[in-house]
Amino acid sequence: MATSKIKAGDTVRVIAGVDKGQEGKVMEVKGNKVKVEGINKVTKHMKPNRANAKGGIVEEEAFFDISNVMYVVDGKVTRVGFRTEDNGSKVRYAKATGSPID
């Protein structure tokens, strides 16, 4: 599997869909899907169990396609690229500023 340009903990802005323009922190990346904090909320009906003693209707974030988000650096959206540093390490960098991310 190819290395994802967006990783958990990154701040991203939604560029398409119902939540377009909202920003949030990436909670989880699974393949080409991403779950962002506070965005794409869905309601789920949960049965009572040991972890969730009460059950009922729960609101939580759902996965959506990674192509609908862009990385945010200094309040500006940018594409993310990879480059090899002089010491041989592979680093993600913001294409708008040229500064390394990791």
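**Why those labels?**

Tutor: In this predicted model, methionine 70 touches Thr11, Val12, Arg13, Ile15, Val77, Thr78 and Arg79, leaving aside residues up to four places away in sequence.

Student: What makes those count as touching?

Tutor: Contact means heavy atoms within 4.5 Å. One of the residues touched is Ile15. Isoleucine 15 sits 55 residues from methionine 70 in sequence, with 6.9 Å between their C-alpha atoms.

Student: And why is methionine 70 called partly exposed?

Tutor: Its relative accessibility is 23%. Buried means under 20% and exposed means over 50%, so a value in between gets the label partly exposed.

Student: How do you know that arginine 92 and aspartate 10 form a salt bridge?

Tutor: Their side chains meet at 2.8 Å, N to O, and the cut-off is within 4 Å, so the pair qualifies. The two are 82 residues apart: arginine 92 is in strand β10, aspartate 10 in the segment before β1.

Student: Why are arginine 92 and aspartate 10 both called buried?

Tutor: Arginine 92 has 2% relative accessibility and aspartate 10 has 8%.

Student: What makes glutamate 61 and lysine 41 a salt bridge?

Tutor: Their closest N and O atoms are 3.9 Å apart, which is within 4 Å, so the pair counts. Glutamate 61 lies in β5 and lysine 41 in β4, so the pair ties together parts 20 residues apart in sequence.

Student: Is glutamate 61 buried or exposed?

Tutor: Buried, at 16%. Lysine 41, at 43%, is partly exposed.

Methods
Residues numbered from 1 in each chain as written. Predicted model: local features only at pLDDT ≥ 70, side-chain atom pairs only at ≥ 80, totals over all residues. Heavy atoms only, no water. Buried < 20%, exposed > 50% of the residue type's maximum accessible area, 1.4 Å probe, protein only. Helix = DSSP H or I, 4+ residues; strand = E, 2+ residues; numbered from the N terminus.
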